Amino acid sequence: YQNWYKITFFNTITNRFKEKITFEVSFNFTLKIYRNIADFKPEKKVFLTVGTFDGIHFGHQKIIDSLKSLANEEDGESVMLTFSPHPRLVLFPENNNLKLINTLDEKINGLESSGIDHLIIYPFTKDFSRISALEYVRDFLVKEIKVSNLIIGYDHQFGRNREGNFEYLKELSELYGFDVKEISAQDINDINVSSTKIRKAI
């Protein structure tokens, strides 16, 4: 994926005149996509964020920007882990009221220009939903993905019955040797931005 940006600066010719110079530069973003987690073989530190990311709204963008910034500071690799199908479609198949903001293809298209290095699309199944929070972190994030830094949203929960949260992640991070950072809620006009609220508004 290639984005073009116009850059303008002023070249001083004399004390009285300035020459306006505009030129275009390109930045190449190559998002690597994995549908089989065994194919993901990181070469640097893994800076990871996890979520369904249904609709890349302002709150998601804050997480993505933080992920990229931290990865760049330490010359690491930025990685997003998402799930397909949406977990609620698997756990509550009788609920036909769930309106997804984006299809999976739309989500991928939206992320191709984000600057993230890797996107892992993991199949969400009932069996996967039954693993404990400990197993999820130890066997999946640490052993499989080799997480070094984990960046999550303020409402992130995980594991069987959503038993895991930020406080539990902090405990496990000390045990398994990774760092964890929580992004606080982003408010717009005193309304917390979330995919749930966007779905209700459309």
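**Helix H5 and its surroundings**

I looked up what the buried residues of H5 pack against, and found strand E4 (46-50), strand E5 (77-84), strand E6 (118-123), helix H4 (126-129), strand E7 (147-153) and helix H6 (166-176). I keep in mind that this is a predicted model.

Next I listed the buried residues of H5, which spans residues 133-142. They are Ala-133, Tyr-136, Val-137, Phe-140, Leu-141 and Val-142. I then viewed H5 down its axis. The buried residues fall within an arc of 155°, so they line one face of the helix.

**H5 against H6**

I wanted a description of this helix pair. Two packed helices are described by the angle between their axes and the distance between the axes. I read both values for H5 and H6: the axes come within 11 Å and cross at roughly 45°. The two helices are therefore oblique to each other. I also checked the handedness, and H5 passes H6 in a right-handed crossing.

Which residues make the contact? From H5 I noted Ala-133, Leu-134, Val-137, Arg-138 and Val-142. From H6 I noted Tyr-168, Leu-169, Leu-172 and Tyr-176. I sorted the contact of H5 with H6 by class and got eight nonpolar, no polar and one charged residues.

**Ser-173**

I moved on to Ser-173, which lies in helix H6. Is Ser-173 buried or exposed? Its relative accessible area is 9%. The cut-off for buried is under 20%, so Ser-173 counts as buried. I left aside its neighbours within four places in sequence, and found Ser-173 in contact with Phe-178 and Val-180.

Conventions
Residues are numbered from 1 along each chain as its sequence is written. This is a predicted model: local features need pLDDT of at least 70, side-chain atom pairs count only at pLDDT 80 or more; totals for chains, interfaces and linings use all residues. Side-chain values use heavy atoms; hydrogens and water are left out. Buried means under 20% relative accessible area, exposed over 50%, partly exposed in between (1.4 Å probe, protein chains only). Helices (H or I, at least four residues) and strands (E, at least two) are DSSP runs, numbered from the N terminus. The arc is that of the directions from the helix axis to the C-beta atoms. Contact means heavy atoms within 4.5 Å. Axes are lines fitted to C-alpha atoms, for helices over the stretch in contact, and angles run from 0 to 180 degrees between N-to-C directions. Angles under 35 degrees count as roughly parallel, over 145 as roughly antiparallel, 65 to 115 as roughly perpendicular and the rest as oblique. A crossing is left-handed if the near helix is turned anticlockwise from the far one by less than a right angle, and right-handed if clockwise. Ala, Val, Leu, Ile, Met, Phe, Trp, Tyr, Cys and Pro count as nonpolar, Asp, Glu, Lys and Arg as charged, and the others, Gly among them, as polar.
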